[in-house]
Amino acid sequence: MSAEYDLECLDVSKNFGSVRAVQEVSFKIPKGSFFSILGPSGCGKTTLMRMIAGFEDPSQGDIHIKGKSVLNTAPNKRNVKMVFQHLALFPMMNVFENIAYGLRCRGEASAEVNRKVHDVLDRIALPDVGKREIHQLSGGQKQRIAIARCMVLDPDVLLLDEPLGALDLKLREAMKIELKLLQHQFDTTFIYITHDQSEALVMSDNVAIMNDGRFEQVGTPQELYHDPHTAFVAGFVGDNNQWTGKVHQLSGDRVDLVTQTGLNMAGHLRGRAQATKGGGLTLYVRPEFIKTRKAKDTTPADASDGENTLTGKIDSLLFNGANSRILVRGPGQELIEADVVLTGGTDDLKPGDTVQLTWPAEQTMCFAA
Amino acid sequence: MQKDITRLSFILLFAPFALWIVLLIILPHIGMVIISLREKVAPRVYEFSFAQYIDFVQEPIYWNTLLRTGSMSLLVTVLALIIGFPIAYYIAKIAGKRSKGALFLLCLIPLWVSDLIRAFGWILLLRETGVISTALQKTGLVGQPVEFLYNDATVIMGLVYTVILFMIVPLVSTLDGMDDAMVEAGYNLGGNGPTVLRRIIIPYAMPGIVSGCIVVFMLTAGSYLTPILLGGKNSSWFTEQIYEQFISRYNWESGAAFGFLLLFFTSVVVWLGLKISGQTLSSTVAKS
């Protein structure tokens, strides 16, 4: 209930008829942080945001902004501003009027409006666009105007609903960095809704992974990536090789298992669910933890404890500069992805080469199915 | 060869339109202008003169009728807008997908019946021995039969009823194109209901509003049946004057001049409306 949190949601639920769009979601967002809600489409993240903005009423639970419940506050009285998915800039007004709209609604004096609009245009580095019409702006400029239109009102919380979705890739990459910088500059709490994990991971201080109306896990991007609590989080955040298998032997967190394709592997149990001997498991291994060696120039696998080893044939090579990857056809005919460094030299890996893949047991994340 | 075929098909497609414009619109109007600019000096002897137009200016009853028709048409336009806007907003923005079509259809149904029949429908309800008068007498609210016909209020009501559809259709189509997020953004940035309506919804719908107003105003000012049947001889509608000049008095010269004056007058009003609202014909009527 303290005011050090800009936004608190307490057991918020929303039902549409018999559909439970949001189920008992609770979280607190500290002042001045960049918080993302990441989830597949239809997971309820937009509904959650519309409840924060006041366009929907929660069926249950409470929402606090700066320590005060806003359930009975109309959307236009909440100091929560929103950048819409398609920005919703007003086409019949020029840039200046778009930004001045909120100030005029508040009844501020014209000189003050003028000063504030020019001030915010300076801060987003577009000082001379005030007289332009909306359709004369580029995609990135529109984006910044939409943010400026909210920030000029000095909101407690700024909500962003996948605003980068409509931009092309290059611009999206640039806007990611720019958004983060803008957030620092304005020092306001940003809540960013997205289904694009790289947007969420790059920009956020904290990320909530949402699935099926619930928060699966809340944490820093590193925590989510390296220490996922559920199979969904492991699968949704980052790239993975995925197997399903059965527990062969258990000792603490350490588990020996057999995959459906018949491979023996060593892994580490993650998450809260209990595994039992003979019980089903889902395994995730990230491509960057898999080491690749050409099979001929090594002695047979030294089978050191805690390493998983596999031999396979390179099926194809996905060259992407520093992020190049190979697809290896493993013994169970499955395709395994592994990150590799390609230097352009003659001893680079080629499709058809036989390679040995190794990765540590700690990086084999197992979740009880 | 290919080019010739393209040209031929263009000419064939364009021909009916050109014929229609030239034969049914341009030629008759040129004929009207010529007729209106002559004066009968002796049986079958005509001379070029502005006598018909001078007559119009000198006879207050003529230009009074035109002004009355114009102002009442404006009133009808405003009423149609005020009544039609909420209906259009409901159909375009609030109603669900399925009820949207049904509501639109309900608006269209009156068009299936001719103007004449609809006017007689009103007469059936409103005349001295009509349904409403009888009902009021039965319930004892009035002591004697009441005549609801033949007054200005009835004429205006009947006209609004006839033309409101032409207001609703362009409004629905512009409002339909408005992103709901725009209205939400209006509230989110601190606007209350009236502010959002005044600063966002109405400016956005302006092309539809102007387009609807132009069509409704033109239709009303040029309408004949409804004012005559519901207003009787007292309605003093300008089209009635034109009819009288042509048919009763067989004075084609003056009738043609009146017809031309009506066209000129309504065009000036529409031009003024466009100037005031800052719209152009191409951004409004041509769009929807």
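1. In what order do the six strands of the open sheet in chain A stand, and what is the sense of their pairing? In this predicted model, the order is E6-E7-E8-E3-E9-E10, and the pairing is mixed. Strand E6 (80–83) and strand E10 (214–219) of chain A stand at the edges with a single partner strand each, so one side of each lacks a neighbour in the sheet. From one strand to the next, the twist averages 20°.

2. Strand E11 (residues 241–251) and strand E12 (residues 254–259) of chain A are paired in the antiparallel sense over six bridges, with Gly245(A) opposite Thr259(A) in E12(A). Two residues lie between the strands of this hairpin, and Gly252(A) takes a positive phi near 65°.

3. E12(A) also pairs with strand E13 (residues 264–269) of chain A, in the antiparallel sense and over five bridges. Here Val255(A) faces Gly267(A) in E13(A). The hairpin of E12(A) and E13(A) has four residues between its strands, and Gly262(A) in the turn has a positive phi of about 95°.

4. For chain A as a whole, the model has eight helices and 20 strands. The C-alpha trace spans about 80 × 50 × 35 Å along its principal axes. Of the 369 residues in chain A, 39% are buried. Among contacts between residues at least 6 apart in sequence, 66% join residues at least 24 apart.

5. In chain B, helix H9 (residues 193–221) packs with helix H12 (residues 252–277) at an angle of about 165°, and their axes are 11 Å apart. Because angles over 145 degrees count as roughly antiparallel, H9(B) and H12(B) are roughly antiparallel to each other. Their crossing is right-handed.

6. On the H9(B) side, the contact includes Met206(B), Val210(B), Cys213(B) and Phe217(B). The residues they and others in H9(B) meet in H12(B) include Leu262(B), Thr266(B), Val269(B) and Gly273(B). The residues of this contact divide into 11 nonpolar, three polar and no charged.

Conventions. Residues are numbered from 1 along each chain as its sequence is written. Chains are lettered from A and ligands numbered from 1 in the order in which they are written. This is a predicted model: local features need pLDDT of at least 70, side-chain atom pairs count only at pLDDT 80 or more; totals for chains, interfaces and linings use all residues. A residue is buried if 20 or more other C-beta atoms lie within 10 Å of its own, exposed if 12 or fewer, and partly exposed in between; C-beta atoms are placed from the backbone. Two residues are in contact if their C-beta atoms, placed from the backbone, lie within 7 Å. Axes are lines fitted to C-alpha atoms, for helices over the stretch in contact, and angles run from 0 to 180 degrees between N-to-C directions. Angles under 35 degrees count as roughly parallel, over 145 as roughly antiparallel, 65 to 115 as roughly perpendicular and the rest as oblique. A crossing is left-handed if the near helix is turned anticlockwise from the far one by less than a right angle, and right-handed if clockwise. Ala, Val, Leu, Ile, Met, Phe, Trp, Tyr, Cys and Pro count as nonpolar, Asp, Glu, Lys and Arg as charged, and the others, Gly among them, as polar. Two strands pair if DSSP finds at least two bridges between them.
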